[in-house]
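I opened this structure to look up two things.

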Amino acid sequence: MTLQEYDYARESPSKLAASCLLLALTMKNLGGWTPTLEYYSGYSAQDLHPLVKRLNFLLTYQPHDKLNAVRSKYSHRAFFEVAKVTPMDMLKLEEALTSS
């Protein structure tokens, strides 16, 4: 989804990927940012928090009237219907990120 948003073009691809992973781990309650993830990504959890919040905001307030190809593609079972996953409540996300 970030490919369709100009605001994310200035982010480094590695930081964007790491932030997406942290958001997914948090949304699915699969644990936090481990020392191994920090070592191999080069990013601490605190480095990623602002971008994780922006990504969740993008999922929460996505326009439903245009550019539906990505949403449609990732709504299929072959892609585990990830486009249908409910975004996290912003307060709960903040709490989860600060408690890690």
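Entry 1, ground rules. I am reading a predicted model, in which local features need pLDDT of at least 70, side-chain atom pairs count only at pLDDT 80 or more, and totals for chains, interfaces and linings use all residues. Residues are numbered from 1 along each chain as its sequence is written, and side-chain values use heavy atoms, with hydrogens and water left out.

I looked up how H1 and H3 pack: the angle is about 75 degrees and the axes are 8 Å apart. That makes H1 roughly perpendicular to H3. Helices here are DSSP runs (H or I, at least four residues), numbered from the N terminus. Axes are lines fitted to C-alpha atoms over the stretch in contact, and angles run from 0 to 180 degrees between N-to-C directions. Angles of 65 to 115 degrees count as roughly perpendicular and those over 145 as roughly antiparallel. The contact (heavy atoms within 4.5 Å) includes Leu-16, Cys-20 and Leu-23 in H1, and Leu-48, Val-52 and Leu-59 in H3. By class, I note 12 nonpolar, 3 polar and 2 charged residues there. Ala, Val, Leu, Ile, Met, Phe, Trp, Tyr, Cys and Pro count as nonpolar, Asp, Glu, Lys and Arg as charged, and the others, Gly among them, as polar.

Leu-22, Leu-23 and Thr-26 in H1 meet Leu-93, Ala-96 and Leu-97 in H5. This contact has 5 nonpolar residues, 1 polar and no charged ones.

The axes of H3 (residues 45-60) and H5 (residues 90-99) come within 11 Å and cross at roughly 155 degrees. That makes H3 roughly antiparallel to H5. Among the residues that meet are Val-52 and Phe-57 in H3, and Met-90 and Leu-93 in H5. I count the classes as 5 nonpolar, 2 polar and 2 charged.

H1 gives the largest share, 4 residues. By class, the lining divides into 16 nonpolar, 2 polar and 2 charged residues.

Methods:
Helix = DSSP H or I, 4+ residues; strand = E, 2+ residues; numbered from the N terminus. Parallel < 35°, antiparallel > 145°, perpendicular 65-115°, else oblique.
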